[in-house]
Every structure is written in structure tokens, then in C-alpha cells.
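Here are my notes on this model. Please keep the structure open while you read the points.

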Amino acid sequence: MSRVLAVAAGLLLTPPLASAQATAAQGVADPRITALVASVSPERLQATATKLASFGTRSTLSDTVSTTRGIGAARRWIYDEFKRASPKLQVAFDRHMLARQGRITREVELVNVVAILPGRSARRIYISGHYDAVNPRGNAPNNPGAGAGAAGGDAQMRAEMDHNADAPGANDDGSGTALTMELARAFANSGLEFDATLVFVTWAGEEQGLLGAMVHAQTLAAAKGTVTANFNNDIVGSSLGGNGIIDAESVRIYSLGPEDSMNRSLARYIARVAGVYVPSHTIRLMAREDRFGRGSDHSSFTAFDFPAVVFREANENYQRQHNTEDKPEGMDFRYLAQNTRVNAAAAASLALAPPAPKVTTGGGTPTISRGTTGYDAALQWEASPGAAGYRVYWRNTWSNDWERSQYVGNVTRFLLPNVSIDDYVFGVAAVNAEGHESLVSAYVSPNRRMQEVQIKK
Ligand SMILES: [Zn+2]
């Protein structure tokens with residue numbers, strides 16, 4: 001029952017959010033998001049990851065004809081599952097013919113599987129994982145150091161590779177794929193109408209160089225698409241590290257800097273919203289693009305300035321990656337469910353909110369000044385469609401998270417008297433009438449461009 005109907009029936013079971021000031025970022029939950037988060041099922045995640053592993057291999061270069069083995073069978077099953085999840089989902093194969101290049105040893109059709117839940121606006125929020133898997137040492141199981149960080153490089157990988165050898169990929173990245181499929185179902189069946197369009201994608205070609213996400217992002221950028229966020233998930237389903245340490249209570253989120261990039265804004269947002277809806281889970285924000293020397297599909301988004309982060313399990317087991325040991329038996333589906341809930345809460349909160357305010361001129365100059373006195377913080381921003389008000393944030397320049405905030409109402413300029421724009425970083429978020437808040441857009445001081453001094457010879 002919608003809130004409006006509940007009020008009309010005199011059956012107000014859950015109090016409405018007090019006002020636009022009461023946001024998840026400020027610790028107030030929306031019962032509709034709570035219900036969506038609660039609908040995540042560890043049993044369904046387990047069934048999905050187990051089915052994905054049962055295709056034997058999901059290598060991008062594996063068999064596409066068999067109905068039971070290889071990437072073709074896997075993607076047709078994912079497509080059918082998206083279709084079965086809800087008639088509201090617009091399901092499609094996102095096909096791209098790739099030339100031979102790098103680890104793509106022959107011409108191949110790369111196929112991402114996409115399920116779109118249309119919102120009121122065309123701007124997109126992605127939730128993603130890669131459904132392809134890899135076993136670079138072919139039929140040599142348990143080869144130590146067979147992971148992506150191993151020595152040998154592309155030439156060795158190509159030479160030794162049997163693309164139809166077993167590569168169950170239950171956790172890498174059956175976990176992110178299962179999470180994405182679970183949330184497509186949960187969002188489409190939530191009864192919520194989102195402002196943003198949700199795009200649930202399972203990528204191919206990740207293991208050959210983030211190719212599926214890259215070709216998708218570059219096509220989207222060429223079409224001038226707008227992306228509010230990409231929640232990318234890659235290896236998020238095991239709580240037992242290869243070092244024997246168990247951590248089922250936290251997840252890592254990596255985001256490309258600099259400190260006031262929208263990637264970092266997204267990471268902070270997820271941490272705050274998770275604190276409201278999944279308080280038992282600890283979000284560990286990592287101030288780098290990804291784990292040391294390793295990568296995933298979020299980088300294909302940030303390459304085009306589309307805000308993105310990647311979720312990574314707390315403590316990995318490198319002996320169960322990129323080989324025959326990456327099986328469902330090594331996973332923890334209650335843990336995967338917790339990580340799925342964090343994605344659900346933050347993506348729902350963000351998708352219900354208006355877009356983040358624009359805080360630069362058309363030319364990219366930040367719309368902040370010292371005001372008429374020369375000693376104030378005078379902030380301006382462009383109105384966001386659907387906003388009922390705005391919240392201004394600030395912090396010490398040496399700090400990495402917002403320290404103060406103030407709800408300033410439905411205005412597009414605000415003055416903080418005697419607050420120095422030299423000593424603080426400022427940002428602003430848009431808030432709708434129900435209290436759903438956007439990412440914070442920060443005013444970023446441009447770097448000084450120095451020119452070399454001409455020396456007379
Ligand atoms: Zn992966």
C-alpha cells in the first residue's frame with residue numbers, strides 16, 4: 001500500500017518522513033526501502049551462483065552452442081531469469097562484434113545481458129557484475145599463482161589457455177552476477193517508482209580487459225547518456241580469506257579519486273545509507289581505484305567520467321580465483337546477501353532522489369565565491385529537477401568526509417558568513433519532498449596551471 005493510500009484509509013502504519021530535511025544521509029529510514037532490502041534472499045543467491053558454476057566455464061571465448069555448457073548457455077539462462085523476474089524489466093542482449101585484440105585471440109561476439117527498469121528520467125543507475133569466468137592455466141587445476149596477479153602475462157595466458165576448460169567462477173564473478181540478478185528482481189517487484197532508470201547488467205569480457213563494460217560505456221558516452229552511478233560488484237561472496245581469517249561483517253568499496261570526485265561522493269553516500277538500512281554491516285571505504293594492481297569494470301565507467309565504485313569482499317582467497325577451485329562450496333551466501341542489501345539500500349535511495357545539483361558554470365568554473373564582503377562562503381548551484389530543497393555540506397580541507405551540514409530549503413544560493421572558502425571544502429545535495437537525497441556535488445578548486453619561465457640564453 002502506498003503511503004497516500006494508507007493515509008486515506010486511516011491506516012497509517014508507518015509515519016511519513018518528517019520533511020525534506022529527514023534523509024537517509026541524516027539517519028532516517030524510508031520503510032519502503034527497508035522492505036526492499038529485506039526482500040533479498042540468501043537462498044536465491046546461492047541457487048543462482050550454483051547454477052552459474054554449473055555451466056562449467058563462462059569464458060568469453062568458450063562454446064556458445066551447447067545448451068548446458070559454456071558462455072552461450074550461461075547468458076541465455078541469465079536472460080531468461082531476468083525475463084522471469086518481472087514483466088517490468090526490459091531485457092536485452094547487448095551485442096558487440098570484437099576484432100582480435102589482446103587476450104581476445106580470435107574475432108568474437110561479446111554479449112552483455114541487460115535488464116532495464118525504466119524510471120521517470122533517462123539518467124541511469126547501474127548495478128553490475130561480470131558473468132564471464134576464466135581459468136588461464138586451462139586443465140592444470142590447483143596451479144599455484146594462477147590468479148590474475150601471477151607472473152607470466154598475456155603471452156603465457158594465451159599460449160596455455162583452453163577456453164573450454166573448467167572455470168566455474170562461482171565467486172569471480174558469479175557472486176556479483178547473482179547479486180545483480182537478485183536486485184533486478186527485488187527492484188522490479190518493489191512497487192516503487194524511481195526517478196532514475198535502473199540498469200542491471202552482467203558483463204562479458206571482464207577477464208580479457210574489462211571489454212564488455214568498456215564497449216558499453218563508450219557506446220553510451222557517444223550517445224551522450226547520463227549516468228548517476230555504477231555499483232559494480234566483483235568477488236563479493238566469500239567471508240573466508242585465504243589467510244584463514246573470517247570476516248562476514250564488512251565489505252570494501254574502492255573508488256577512484258581525487259577526493260572530491262563523484263566516485264568518492266558515491267562511496268561516501270553508500271557508507272552513510274548502509275549505516276541506516278544495514279547497520280550490522282561495516283563499510284570500509286578504500287581511497288584507491290581498486291586493489292593493488294588489479295581491476296574491474298567500474299574503471300570502464302570512470303574512463304568516461306561516469307561515477308562508479310567497486311565492491312570487494314573483506315578478505316579474499318587468491319587460491320580460489322581463476323581456477324577450478326572457485327566453487328559455490330567456498331562461498332558464504334549470508335555474507336553475499338549482506339553485500340547485496342548494501343547495494344539495494346544505496347541504489348534505491350539514490351534512484352528515488354533527484355539528480356545531484358550542478359555546481360559549475362558551462363565552462364566548468366565552480367560557482368562559489370567569497371561574496372560581496374570578500375570573506376564569506378557564497379555558494380550557488382543549478383536547480384535539480386524534482387528537488388524540494390538542498391543540503392549544504394562542508395569540511396576541513398584536510399579531512400576526507402563531510403563534517404558539517406545544513407538544510408537550506410528550496411533555494412539555489414546560500415551564504416555562510418565569515419566561513420573561508422580557502423579553509424573548507426563545500427558541497428551541496430538535492431533533496432526531494434520525501435527526503436531522498438542525491439550525491440553531494442563538491443566545489444573543486446581548479447589546479448593552477450604553471451608555465452615554464454623562459455630563460456634568456
Ligand atoms: Zn572478477
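1. Three strands form an open sheet in the order β9-β10-β13, with antiparallel pairing. Strands are DSSP runs of E, at least two residues long, and helices are runs of H or I, at least four long, numbered from the N terminus. Two strands pair if DSSP finds at least two bridges between them. The edge strands are β9 (368–369) and β13 (413–416), each pairing on one side only.

2. Strand β10 (residues 377–380) runs antiparallel to β13, and four bridges join them. Ala 377 stands opposite Leu 416 in β13.

3. A word on the source: this is a predicted model, where local features need pLDDT of at least 70, side-chain atom pairs count only at pLDDT 80 or more, and totals for chains, interfaces and linings use all residues. Residues are numbered from 1 along each chain as its sequence is written.

4. The largest nonpolar core has 116 residues; among those touching the most other members are Ala 184 and Phe 426. Such a core is a set of buried Ala, Val, Leu, Ile, Met, Phe, Trp, Tyr and Cys residues joined through C-beta atoms within 7 Å. Helix α10 (residues 333–352) gives the most to this core, 13 residues. Domain 1 (1–27 + 357–457) and domain 2 (39–352) both contribute residues, so the core lies between them. The domain bounds come from an automatic or database domain assignment.

5. Met 262 is in helix α8 (residues 262–277). Is Met 262 buried or exposed? Met 262 counts as buried because it has 23 C-beta neighbours inside 10 Å. The cut-offs are 20 or more other C-beta atoms within 10 Å for buried, 12 or fewer for exposed, and partly exposed in between, with C-beta atoms placed from the backbone.
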